[in-house]
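These are my notebook entries on one structure. I begin with a term that I shall need and then record what I looked up.

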Amino acid sequence: MSAQTEGFVVILCQDCVYVDANGAEDGVEYDNVPMGLLDGYLVGPHYDGLDPDYWGDGFFSWGACDGCGTGLGGMRWEYLAVPAGRRKGE
Ligand SMILES: [Zn+2]
């Protein structure tokens, strides 16, 4: 069984995707801590079942972000979360 099938799908906002990829910027204040709700998890893009032509495409949503909880409308991306410390094949 791969880590892909052991994770769970989360929907992330732009701030969470940015902070996950680059780390938090000094001096930037957020109403909701990016990735604060997924402390202890690693995330990566979730492409299962998607046409490669659409990989990386986001979608607009008013739904709450699973990473920080913001309910502000905006772009969202589908990611897969797995507990930190577990790697594929373990
Ligand atoms: Zn977020």
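Entry 1. I count two residues as in contact if their C-beta atoms, placed from the backbone, lie within 7 Å. I also note that this is a predicted model.

Entry 2. I looked up the overall layout. The protein chain has 2 helices and 4 strands, and from the N terminus on its elements follow the order α-β-α-β-β-β. Among contacts with a separation of 6 or more, 77% join residues 24 or more positions apart.

Entry 3. I turned to burial. The protein chain has 90 residues, and 21% of them count as buried. I then looked up the largest nonpolar core, which has 14 residues. Leu12, Cys16 and Val43 have the most contacts inside this core. Two or more residues each come from β1 (8-13), α2, β2 and β4 (74-83). I recall that in soluble globular proteins nonpolar side chains tend to be buried together.

Entry 4. Which residues does Cys16 touch, not counting those up to four places away in sequence? I found Pro34, Met35, Cys65, Gly67 and Cys68.

Entry 5. I followed one of these partners, Met35. Met35 lies in the loop between α2 (14-22) and β2 (41-45). Its phi is positive, at about 65°, although Met35 is not a glycine.

Entry 6. Why does Met35 count as buried? The cut-off is 20 or more other C-beta atoms within 10 Å. Met35 counts as buried because it has 21 C-beta neighbours inside 10 Å.

Notes
Residues are numbered from 1 along each chain as its sequence is written. This is a predicted model: local features need pLDDT of at least 70, side-chain atom pairs count only at pLDDT 80 or more; totals for chains, interfaces and linings use all residues. A residue is buried if 20 or more other C-beta atoms lie within 10 Å of its own, exposed if 12 or fewer, and partly exposed in between; C-beta atoms are placed from the backbone. A nonpolar core is a set of buried Ala, Val, Leu, Ile, Met, Phe, Trp, Tyr and Cys residues joined through C-beta atoms within 7 Å.
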